[in-house]
Amino acid sequence: MKKAPGLRSYTLFYLLFLYGPILLLPIFAFNDSRVVAFPLQGFTTGWFAEMAADQNLRNAAKNSLIIALSVATISTVLGIFAARASVRYRFPGKGPLMSMIMLPLVLPEMIVAMALLVVLLSIGIPLSLFTVILGQTLICTPFAVAILTSAFQSLDRSLEEAALDLGETPWSTFRLIILPLVMPGILASFLICFTISFDEFIIANFLGSGQPILSVYIFGQFRFPAKVPSMLALGTLLVLLSIILLGFAEYMRRRGIAKAGGKVSGGFL
Amino acid sequence: MTATDDRPTMIEFKDVHKYYGDYHALRGINGTIKAGEFFSLLGPSGCGKTTLLRTIAGFEDISSGVIMIDGKDMADVAANVRPTNMVFQSYAIFPHMSVEENVGFGLRKDPRSKEDKARAVAEALEQVGLKGFGKRAAHALSGGQRQRVALARALILKPKVLLLDEPLSALDKKMREHMQVELIKLQRQVGITFILVTHDQEEALVMSDRIAVMFEGEIAQLADPETLYRRPATRKVADFIGTMNFIPASILSEAGDKVEVEAKGLGRVALDIAQAPEKTGETPVVGLRPETLTLLYDDQKAPERETDGVIDEVIYFGDMTYYDVYLGGTDVEVRLSMRNVPGRPVLDVGDRVRVAWSPSALVLFR
């Protein structure tokens, strides 16, 4: 078959548009100038030092970490229940129910954030880190369910029955057979939810009540040109962290499926 | 064939029904399985044989009826405390454990010392021919080896009943035949009741003391292999087990223990009532196995009856030749098998032949 002309340059342009700006982050993070512009002025690690010294930033990072860890834990636990139920049991209304759980994946986050804000305020729950955790869990749970469903699906049902048959109770079967075999999926779900929560902005901004949260804080700092280079340094670190976490998550997911004797297909990466 | 009837009953089904929603999967199963018996549940896919096996294991509840194991009603006995163990079709080897850990899994709650358990595992592995495989990872095993691990894992608990769900279907032909013989030997050695689910009639005939043939959630016939083969109870059973020629017939008279029929192409035959097992209301046909028909060569005389025929098809198998023959100038075609012995030429399509047969080999379905 003859290849259509221009597809190669289209692809190149597409990838450049996608990743070019991200590549600029580390370049300017090490550039010895407050002005973010070419030509480059020289190499420095000063922005990283300035970033590390910023007390507000450290506070925001700590809050973000608390939120992300909580969201990842809650979403993954909820995901385990939902995925297990959807893979293993048949019950009335399962189809619509699973769709409703997955819906936040495509729902505009702005809508979710506004709706939550109105509801929380009207029932008198004060905005705090807790409300951010609540909102982000809603967003992250579908991801957890998707990842864990694939983990549970690749599990041969006879394995459970074999353990029961050999004298184990349903609970010890879950602990000895199911949990170890889906553990890589659980880890993958945890890491992905952590990453999503860590750089989530809209809900953090709406429901955070002015508490310093990393994504919101970064956005705020861009108003001060002098702060931009240190924010780029922070961004560089976050990109690195995301790549490492997501890569590790996908590695664990694939390993889990292979371990349970399944074939790897689909997935996020 | 061993005499199984004087052995005590191990499993008893009393009018067992199973519904999945509207679907009636088991429709009144009755019967007993004796202790120490090699029993097979045979039938096409969807006949309920696996469902029945799973109700014995306790993986499926029954909708009504009673299942007794060793004299005890299993209604309220969960799968994990039933005196049964199962070899799964997929073998269900725990992929995150070694061979040793798999085999010893059922001994977790066993009060014996660690050393005793290790000895039991080693013995079980030796029993299935996997001596020295204990440290291997489960996923590094071949299909045949997995099967043996699954066997060892189930047998180490010394169950009263071992359930085997199509255990040989994933193996290639050579390996399957080899494992059939090994399973028979193993069963004799351990003396445990084996219940095998299979769709392979040959496998069931080779391995079993008795066989229950199932269609559409019912047991069509429960008998030893020879009876099943020689005296199938219904046309459907006859069709499922081996090859059977069906010849249209009409019933002329029935008196005492004799039935006289007119079979197309064969003529009038008097049958013993034992050859006409069960009235099912279907159009009468007589059945004849291919090996009970013989071609007569030259001026050979038929020991009992003979019929003229014309060869329509010749299928050469090396040791055997199958002939499809039109009987006595009719459109009734039968298949017969002849052993290829030296000095006996393979015949051609269109050859006129004489076919010898014996009335006692006939079965009447009506």
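Trainee: Which residue in S5(B) is the bridge partner of B:Met68?

Mentor: B:Asp73 is the partner. Keep in mind that this is a predicted model.

Trainee: How many bridges join S4 of chain B to S5(B)?

Mentor: There are 2. S4 covers residues 64-69 of chain B, and the two strands run antiparallel.

Trainee: What is the strand order in the sheet they belong to?

Mentor: The order is S2-S1-S4-S5 in chain B. The sheet is open, has 4 strands, and its pairing is antiparallel.

Trainee: Which strands stand at the edges?

Mentor: S2 (23-34) and S5 (72-73) of chain B. Each has a single partner strand, so one side of each has no neighbour in the sheet.

Trainee: Switching to helices. Is H4(B) enclosed or open to the outside?

Mentor: Largely enclosed by the rest of the structure, because 11 of its 13 residues are buried. Among them are B:Gly144, B:Arg146, B:Gln147, B:Arg148 and B:Leu155.

Trainee: What covers those buried residues of H4(B)?

Mentor: The cover includes strands S6 (84-87) and S7 (161-165) of chain B. It also includes helices H2 (99-103), H3 (114-127) and H5 (173-190) of chain B.

Trainee: Where is B:Glu216 placed?

Mentor: In the loop between strands S9 (210-215) and S10 (218-223) of chain B. Phi of B:Glu216 is positive too, near 45°.

Trainee: Why does B:Asp15 count as partly exposed? And why B:Glu216?

Mentor: B:Asp15 counts as partly exposed because it has 13 C-beta neighbours inside 10 Å. B:Glu216 has 15 inside 10 Å, so it counts as partly exposed.

Trainee: Last topic, the interface. How many residues of chain B are in contact with chain A?

Mentor: 18 residues of chain B, touching 17 residues of chain A.

Trainee: What classes are on the chain B side?

Mentor: 10 nonpolar, 6 polar and 2 charged residues.

How values were computed
Residues numbered from 1 in each chain as written. Chains lettered and ligands numbered in written order. Predicted model: local features only at pLDDT ≥ 70, side-chain atom pairs only at ≥ 80, totals over all residues. Pairing = 2+ DSSP bridges. Contact = placed C-beta atoms within 7 Å. Nonpolar A, V, L, I, M, F, W, Y, C, P; charged D, E, K, R; others polar. Buried ≥ 20, exposed ≤ 12 C-beta atoms within 10 Å, placed from the backbone.
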